[in-house]
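Trainee: Could you walk me through how to read sheets, cores and single residues in a model?

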Amino acid sequence: GYVHTGSEDYGYYNNVAFVPDGTLGLIADPNTVRVIAFDPRRYNDNIEATVNLPTGAETGGIYITPDGTHACVLQFDPAMQQTSLSRVVIIRLSDYNTITYTPPVNTLFHQHCNIAFTPNSQYGMVCNNLLNANQLHIFKVRTDLNPGSLHQATLPVGAGPVRTYVSPDGTRAFVLCTGETNSDKITVVRTSNLSVETTFTLPDSRFDTYGSSGICLNNIAFTPDGQWGFIGDP
């Protein structure tokens, strides 16, 4: 079978996301600037809906909240120059209603950034990869609010934040900060009150290997009980 609605051209940073019960899959198409929702249980005639996104920006990864009620799509400037194109489109999956979250300060999303969520699916988190900004933006995952009221917090984190991961127990989020140095950092955020708990340095580490491009392909993995985290140092 296949998922096909027309002239898709998926980027290498794209992904497919599924709701927890497996009844719906979504993929963002940067060529047509939309999201395709499909039924993964059907091989043919499986398109459930297509959701148009704001144009002008590149459409990257798509992420679904833990409760499966919303999807969030990362949009960015492919030339990495216009901060005004950095935004998150929030999609309510019950009716495909959308709203666009744009951080209130200059923000530069990267194609390798991701969106992480608090365990209760109330908030989303995304890194600001703008040089020397060193921020994590937190927004409400809602579509029934005004765009200006979605922003929840801007937290200071280590230099060069790229990706965020939430531990299996849901108590903490870990922000991977490449910093383009030889002693990169990880910032720990408590999900209960959305505050920075600590930032620790891993001596002689360098999580990204692409220098000034700021690209990072690394990730953090956890043991099931959330007691230990692991990261590779290339």
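Mentor: Some ground rules. This is a predicted model, where local features need pLDDT of at least 70, side-chain atom pairs count only at pLDDT 80 or more, and totals for chains, interfaces and linings use all residues. Residues are numbered from 1 along each chain as its sequence is written, and side-chain values use heavy atoms, with hydrogens and water left out.

Trainee: In what order do the four strands of the open sheet run?

Mentor: Strands of a sheet pair through backbone hydrogen bonds, either parallel or antiparallel. Strands here are DSSP E runs of at least two residues, numbered from the N terminus, and two of them pair if DSSP finds at least two bridges between them. In this case the order is 5-6-7-8, with antiparallel pairing. Strand 5 and strand 8 (97-101) are the edges: each has a single partner strand, so one side of each lacks a neighbour in the sheet. Strand 5 pairs with strand 6 over five bridges, and E58 sits opposite F76 in strand 6.

Trainee: Which residues touch the most other members of the largest nonpolar core?

Mentor: Such a core is a set of buried Ala, Val, Leu, Ile, Met, Phe, Trp, Tyr and Cys residues joined through side-chain atoms within 4.5 Å; buried means under 20% relative accessible area, exposed over 50%, partly exposed in between (1.4 Å probe, protein chains only). Of its 18 residues, the answer is L26, V35, L53, I62, V73, I91 and L93. A second, separate core of 17 residues includes Y13 and L150.

Trainee: Is G229 buried or partly exposed?

Mentor: G229 is partly exposed, at 46% relative accessible area, and lies in strand 18 (residues 229-231).
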